[in-house]
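This report describes one protein chain, going from its overall build to single residues. Please look at the sequence and the structure before reading on.

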Amino acid sequence: MDSFDVTSTNVSLFMSLMGVGPCNSFAFAMPLLRRRYSPRAIASWSLLATAVLIVASAFAPTMMLEWCLILPISVTLAITYAALVILFTDLASQDTKGEIFGVTAAIKAFTFGMIAFAGGGMQTFDASVPLIASSS
């Protein structure tokens, strides 16, 4: 927080805004996208969009730009997750769909933990290193 001269209130509000993205994605964006595009196309384009937005965030010169980018980043990331889950479950038989959801949820929980751990370690080098690494 000292690196960016922000208060804990600002961080909380930023994280709250980031949490709004998946809500909008699952409630509005994915149903609209599913009507027109295949899950494979949605996953491809949302992965690309997420990477581009994260790179833009890594090099953002102001916090105002970070505030503008966080919602699109969280929306595209949630769209990617939903599209990948659809792709995985489409490959499974009816009997194994529950297992696919369970494994997917476990992998997501593990990766979110590892992202926080690795991101914290990478930030010791520079604040933008975790953002750059996450785009690849």
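In what order do the elements of the protein chain run from the N terminus on? They run α-α-α-α-α. The secondary structure comes to five helices and zero strands. Helices (H or I, at least four residues) and strands (E, at least two) are DSSP runs, numbered from the N terminus.

The model is a predicted one, in which local features need pLDDT of at least 70 and side-chain atom pairs count only at pLDDT 80 or more, while totals for chains, interfaces and linings use all residues. Residues are numbered from 1 along each chain as its sequence is written, and side-chain values use heavy atoms, with hydrogens and water left out.

**The chain as a whole**

Taken along the principal axes, the C-alpha atoms of the protein chain fill a box of roughly 50 × 30 × 25 Å. Of the 136 residues in the protein chain, 26% are buried. Buried means under 20% relative accessible area, exposed means over 50%, and partly exposed lies in between, with a 1.4 Å probe and protein chains only. A contact means heavy atoms within 4.5 Å. Among contacts between residues at least 6 apart in sequence, 67% join residues at least 24 apart.

**The nonpolar core**

A nonpolar core is a set of buried Ala, Val, Leu, Ile, Met, Phe, Trp, Tyr and Cys residues joined through side-chain atoms within 4.5 Å. Which residues form the largest nonpolar core? It has nine: Ala 29, Met 30, Ile 42, Ala 43, Val 75, Ile 79, Ala 82, Ala 83 and Ile 86. Helices α1, α2 (39-58) and α3 each supply at least two residues of this core, and α3 gives the most, with five residues. In soluble globular proteins, nonpolar side chains tend to be buried together.

Ile 79 is one of the core residues. Leaving aside neighbours within four places in sequence, Ile 79 is in contact with Ser 25, Ala 29, Met 30, Leu 33, Ile 42 and Ser 46. Ser 25 is found in helix α1 (residues 8-36). With neighbours within four places again left out, the contacts of Ser 25 are Met 30, Pro 31, Val 75, Ala 78 and Ile 79. Ser 25 counts as buried because its relative accessible area is 0%.

**An aromatic pair**

Rings of Phe, Tyr and Trp (its six-membered ring) pair if their centres lie within 6.5 Å; planes under 30 degrees apart count as stacked, over 60 as edge-to-face and the rest as tilted. By this rule the count comes to one aromatic pair. Phe 14 and Trp 67 form it, edge-to-face, at 5.2 Å centre to centre and with 85° between the planes. Phe 14 lies in helix α1 and Trp 67 in helix α3, so the pair ties together parts that are 53 residues apart in sequence.

Not counting residues up to four places away in sequence, Phe 14 touches Glu 66, Trp 67 and Ile 70. The C-alpha atoms of Phe 14 and Glu 66 are separated by 9.2 Å, although these residues are 52 residues apart along the chain.

**Helices α3 and α4**

How do α3 and α4 pack, and at what angle? Helix α3 (residues 63-91) and α4 pack at an angle of about 145°, and their axes are 9 Å apart. Axes are lines fitted to C-alpha atoms, for helices over the stretch in contact, and angles run from 0 to 180 degrees between N-to-C directions.

On the α3 side, the residues that meet α4 are Tyr 81, Val 85, Phe 88, Thr 89 and Asp 90, and on the α4 side they are Lys 97, Ile 100, Phe 101, Thr 104 and Lys 108. These residues divide into five nonpolar, two polar and three charged. Ala, Val, Leu, Ile, Met, Phe, Trp, Tyr, Cys and Pro count as nonpolar, Asp, Glu, Lys and Arg as charged, and the others, Gly among them, as polar.

Thr 104 touches Tyr 81, Val 85 and Phe 88, residues up to four places away in sequence not being counted. Thr 111 also lies in helix α4 (residues 97-122).

**Accessibility of some residues**

| Residue | Relative accessibility | Class |
|---|---|---|
| Phe 14 | 17% | buried |
| Met 63 | 30% | partly exposed |
| Trp 67 | 27% | partly exposed |
| Thr 104 | 10% | buried |
| Thr 111 | 31% | partly exposed |
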